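I opened this model to look up a few things and keep notes as I went.

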Amino acid sequence: VFFHGAGGTAQSVFYAFEMAEAHGVIILAPDSRDQRTWDLVLGSYGDDADFLSAALARTLERCHVDRQRMVLAGHSDGASFALSFGIGTGDVFPQILAFSPGVLSPVAVAGKPRIFISHGVNDRVMPIDVTSRRFVPRLAGLGYEVEYREYEGGHTVPTDVVQRGFEWAFPRPAR
């Protein structure tokens with residue numbers, strides 16, 4: 001499941017489709033119900049979580065999905081939603097890819113998902129010093145397995161960082 005950033009739509013995550021294809025995975029890319037951002041970022045779970053639950057149920061009915069490889073992912077507000085929602089649904093989504101998250105506010109804890117976080121050192125939208133550089137030690141201190149990548153750049157996610165996230169989440173079997 002790949003969440004778009006604030007003001008975006010499902011089409012905003014198109015950059016990940018080719019990598020998903022190369023790794024043999026499908027992407028469920030919902031639009032936020034509010035169309036500005038995800039409900040958690042606005043204060044609580046509601047319509048987005050309900051819609052996601054229905055969309056995921058329908059996807060699981062129609063597609064063969066290895067539930068041990070399910071991932072919540074996103075960039076910016078989408079990363080905030082993936083990270084916060086994912087900690088509460090770690091028993092369902094064993095992995096989280098968070099590219100430049102700005103908020104970490106889970107309302108529940110379930111399971112212990114593996115977490116990949118990346119962030120640009122020059123991000124002025126979600127400044128790294130008050131976001132990822134605080135989130136990563138907090139999560140590691142709580143016993144989460146976290147892989148963290150900083151990169152030169154601002155509030156974009158470079159292709160090579162997305163690629164590294166996909167390789168981390170969907171490793172190819174050793175030959």
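My entries follow in the order I looked things up.

**Entry 1: the pocket**

I noted before starting that this is a predicted model. I looked up the largest pocket and found a volume of about 400 Å³. Its lining takes in 21 residues. Nearest the centre of the pocket I found Val-25, Ile-26, Val-65, Arg-69 and Met-70.

Which elements give two or more residues to this lining? I got α2, residues 47–62, and β2, residues 71–75. The largest share comes from α2, with three residues.

I then sorted the lining by class. I have 16 nonpolar residues, three polar and two charged.

**Entry 2: helix α4**

I moved to α4, which spans residues 132–141. Which of its residues are buried? I listed Ser-132, Phe-135, Val-136 and Leu-139. They lie on the same side of α4, because the arc they cover around the axis is only 95°. I recalled the general rule here: an α-helix has 3.6 residues a turn, so residues three or four places apart point the same way.

I checked the opposite face next. Turned away from the buried side, α4 carries the exposed residues Arg-134, Pro-137 and Gly-141.

What covers the buried residues of α4? The cover includes α3 (77–88), β4 (114–120) and β5 (146–151).

I also looked just past the helix. Gly-143 follows α4, and its phi is positive, near 95°.

**Entry 3: salt bridges**

I counted salt bridges and got five. I wrote down some of the pairs.

Arg-133 meets Asp-129 through their side chains, at 2.6 Å from N to O. I looked up the accessibility of both partners. Arg-133 has 34% relative accessibility, so I put it down as partly exposed. Asp-129 has 48%, which also counts as partly exposed.

Arg-149 and Glu-147 form another salt bridge, at 2.8 Å, N to O. Is Glu-147 buried or exposed? Its relative accessible area is 17%, so Glu-147 is buried, given that buried means under 20%. Arg-149, with 35%, is partly exposed.

Glu-147 turned up again with Arg-164, in a salt bridge of 3.0 Å, N to O. This pair links distant parts of the chain. Arg-164 has 23% relative accessibility, so it counts as partly exposed.

I also looked for shared partners. One network joins Asp-129, Arg-133 and Glu-150 through salt bridges.

**Entry 4: Pro-106**

Where does Pro-106 lie? I found it in the loop between β3 (95–99) and β4. Its relative accessible area is 28%, so Pro-106 is partly exposed.

I asked what Pro-106 touches, leaving aside its neighbours within four places in sequence. The contacts are Ser-84 and Ile-87.

Last, I took a distance to Arg-62. Pro-106 and Arg-62 are 44 residues apart in sequence. In space, C-alpha to C-alpha, Pro-106 and Arg-62 are 29 Å apart.

Definitions and conventions. Residues are numbered from 1 along each chain as its sequence is written. This is a predicted model: local features need pLDDT of at least 70, side-chain atom pairs count only at pLDDT 80 or more; totals for chains, interfaces and linings use all residues. Side-chain values use heavy atoms; hydrogens and water are left out. On a 1 Å grid over the protein atoms alone, a cavity is a set of points where a 1.4 Å probe fits but cannot get out, and a pocket is an open set with protein on both sides within 12 Å along at least five of seven lines; lining residues have an atom within 4 Å of a point. Grid points are joined across faces, edges and corners, and a volume is the space filled by probe spheres set on the points. Helices (H or I, at least four residues) and strands (E, at least two) are DSSP runs, numbered from the N terminus. Ala, Val, Leu, Ile, Met, Phe, Trp, Tyr, Cys and Pro count as nonpolar, Asp, Glu, Lys and Arg as charged, and the others, Gly among them, as polar. Buried means under 20% relative accessible area, exposed over 50%, partly exposed in between (1.4 Å probe, protein chains only). The arc is that of the directions from the helix axis to the C-beta atoms. Contact means heavy atoms within 4.5 Å. A salt bridge is a side-chain nitrogen of Lys or Arg within 4 Å of a carboxyl oxygen of Asp or Glu.
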